[in-house]
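Q: Could we read this structure together, taking the features one at a time, with the general idea before the case at hand?

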Amino acid sequence: MTEQPAIVVDRLSKRFGAIRALDDASFEQRPGTVLGLLGPNGAGKTTMVRVLATLLRPDGGRARVAGLDVVAQAAAVRRLIGLSGQYVAVDQYLTGRENLLMTGRLYGMSHSDAISRAGELLDRFGLADVADRQVRVYSGGTRRRLDVAASLVARPPVVFLDEPTTGLDPHGRIALWELLAELTAGGTSLLLTTQYLEEAERLADAVVVIDDGQVIASGAPGALRARAGGDRLEVQAAPGNDPRGLAQVLVGLGTGSPAIDARTGRVTLPVSDGTAVLADLAQRLAGSGMRVAELAVRRPSLEDVFLALTGRPRVQPASDADRADPPGDASTFDSVLGRTR
Amino acid sequence: MTASTIADALVPPRGSVFAGAAAITARNLRRLARVPTQLALATFQPILLVLLFTYAFGGAVRVPGVARYVDYLLPGVLVLAIGFGASQTAVAVADDLATGMIDRFRSLPTPAAAILAGRAGADAARNLFVTTIMIGVGAAIGFRFHAGPAAAVALVALAAATGLAFSWLNMWLGLAVRDAETAGLAGLFPVIILTFTSSTLVPVATMPGWLQAFARINPVTVIVGALRALALGGPTARPLAEALAWIAGLLLVAIPLAVASFRRATSA
């Protein structure tokens, strides 16, 4: 017997006034896998999750979760899903344990089942020490862990996590990634939305990229990165050295032509394998006499993927600037190879 | 996931609706005890209302056939206190919507009506508590039941039923208005307007003619009239029937509106 897909999204559309939040979007998720729904702010990720979690009715198209229609069989779908939304939804005036207990009861679990499951999750999520304190004294990361734990109370076969690492520091983010990897090893199907290619690569078996409510790409995360043109070599000329001269030195080294950022003077070059070109680069630089202030090889970001897929850079809305703070920040994830004097 | 998991999901588990509602009641009672403003509104405010109106108005208002103003006031000010308290329900529901709690509740299998009924249950417990405090404070400054213990119990029950109608109306308001501050005002204004244009604080006969016409059909006058009949004595059948008709009517409108709003509600 072939297993049901965890999720089938078939030409879903949802409008809010003039805005097409979802526009004829389709994809499928195999059971027991992690699907990363990748897109910038306003792409339609949250709307997609809300439709799949039975919170919003689509205007057009159909969606099935665990084989059940999210509109016609919404009540049954709710017994099979767990949701951790974009904003932490736990009661601040209840303790962590009380929150999980309440959630268990709302899933229809017996009192004793709910108590033992709450204890189990509190242990597993490292919340045992604060379990009997009110949530309002928790840190942001601790609240987020509790919120994710709440979505797992009833051991639902399909779990939706909407930007679960938003607002977490790098340490908290990595800790949550490890928890999620452990969770999905148990066979749960997880749909995770994220703005960060790094996060999708770390967790997802497959990635669906959406923009303006449309699915613009899907596939394995590695394949997606390859489509973005592999790594990025970034070179900053030392003061007094012309970036255009530097760009000239780099011609022919990568898979495309070097681009100069007009504001920073930074020269960026797409390369198939970042570290492989370094020896050649060093030789060329030495030969040219150009002095370099900073040199880095980084993996492509969501920005690069968008550029490759749509041919245009994706501009973050100014109001979302605080949330655009990427985990793929150079200090955390890029292989910064050092500076030459 | 296996086919049997999915098949199980199609059959609603028995007893979960009641347990779900009870979980929400427990949640809101905990909040009542732990959120300082909620606790203050459920304790000090009712006490203050009894004392302030008794001593500020008591000297000025003479009610024919009633010896002490507090005997006249108490059944009325119960409705005022329950109405004020109910506006907190509108605030709390709007807040739950803004913080994503309602998204989470709606993603869970417990039906909308049970979630809202759970909150109404907590409100009912709060109202019984408030009513008890007010009767206690009233008794300390001279209030007495004049129609016997059965009527006294009926008065408490009628006050609770009134609270239930206010509670469902305010749940609907909170979900419809969405913004917590606006919801609080939307809950308070009708209470203030209807209370002061009713027999709650002063006899209708002291009002100008045009206002008397409105005051007599005002549901607050009708309900306070029934509570007063139960406290002071006199014929109770007709006032009680009219009051229950109003409460039933309000519930019949408010419950479907609240449930429908809840089903549509999702944080923006």
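Q: Over which residues of chain A does pLDDT stay under 50, and how many contacts beyond four places in sequence does the model have for them?

A: This is a predicted model, in which local features need pLDDT of at least 70 and side-chain atom pairs count only at pLDDT 80 or more, while totals for chains, interfaces and linings use all residues. Residues are numbered from 1 along each chain as its sequence is written, and chains are lettered from A and ligands numbered from 1 in the order in which they are written. pLDDT is the predictor's confidence in each residue, from 0 to 100, and two residues are in contact if their C-beta atoms, placed from the backbone, lie within 7 Å. In chain A, pLDDT stays under 50 over residues 316-341, for which the model has 40 contacts beyond four places in sequence. The mean pLDDT of chain A is 85, and 90% of its residues reach 70 or more.

Q: Into which domains is chain A divided?

A: Domain bounds come from an automatic or database domain assignment; here they give domain 1 (7-225) and domain 2 (227-336) of chain A, whose centres, taken over C-alpha atoms, are separated by 34 Å.

Q: What is the strand order in the open sheet of four strands in chain A?

A: Strands (E, at least two residues) and helices (H or I, at least four) are DSSP runs, numbered from the N terminus, and two strands pair if DSSP finds at least two bridges between them. The order is 2-1-4-5, with antiparallel pairing, and the edge strands, each pairing on one side only, are strand 2 (19-29) and strand 5 (68-69) of chain A. Within this sheet, strand 1 (residues 7-16) and strand 4 (residues 60-65) of chain A pair over five bridges in the antiparallel sense, and Ser13(A) has Gly60(A) of strand 4 as its bridge partner.

Q: Which strands are at the edges of the open sheet of six strands in chain A?

A: With the order 6-7-8-3-9-10 and mixed pairing, this sheet has strand 6 (81-84) and strand 10 (214-219) of chain A at its edges. Strand 7 (residues 158-162) and strand 8 (residues 189-194) of chain A pair in the parallel sense over five bridges, with Leu161(A) opposite Leu192(A). Strand 9 and strand 10 of chain A, in contrast, pair in the antiparallel sense over five bridges, Val209(A) having Ala217(A) as its bridge partner. Their hairpin has two residues between the strands, and Asp212(A) there takes a positive phi near 50 degrees.

Q: At what angle do helix 2 and helix 3 of chain B pack?

A: Axes are lines fitted to C-alpha atoms, for helices over the stretch in contact, and angles run from 0 to 180 degrees between N-to-C directions. Helix 2 and helix 3 (residues 36-57) of chain B pack at about 85 degrees, with their axes 5 Å apart, which means that helix 2 of chain B is roughly perpendicular to helix 3 of chain B (angles of 65 to 115 degrees count as such). Helix 2 of chain B contributes Arg31(B), Leu32(B) and Ala33(B) to the contact, and helix 3 of chain B contributes Gln38(B), Leu39(B) and Ala42(B).

Q: How many residues does each chain bring to the contact between chain A and chain B?

A: Chain B brings 27 residues and chain A brings 30 residues. On the side of chain B that touches chain A, helix 1 (3-9), helix 2 (16-34) and helix 5 (101-107) of chain B each supply at least two residues, and the largest share, eight residues, comes from helix 2 of chain B.

Definitions and conventions. Angles under 35 degrees count as roughly parallel, over 145 as roughly antiparallel, 65 to 115 as roughly perpendicular and the rest as oblique.
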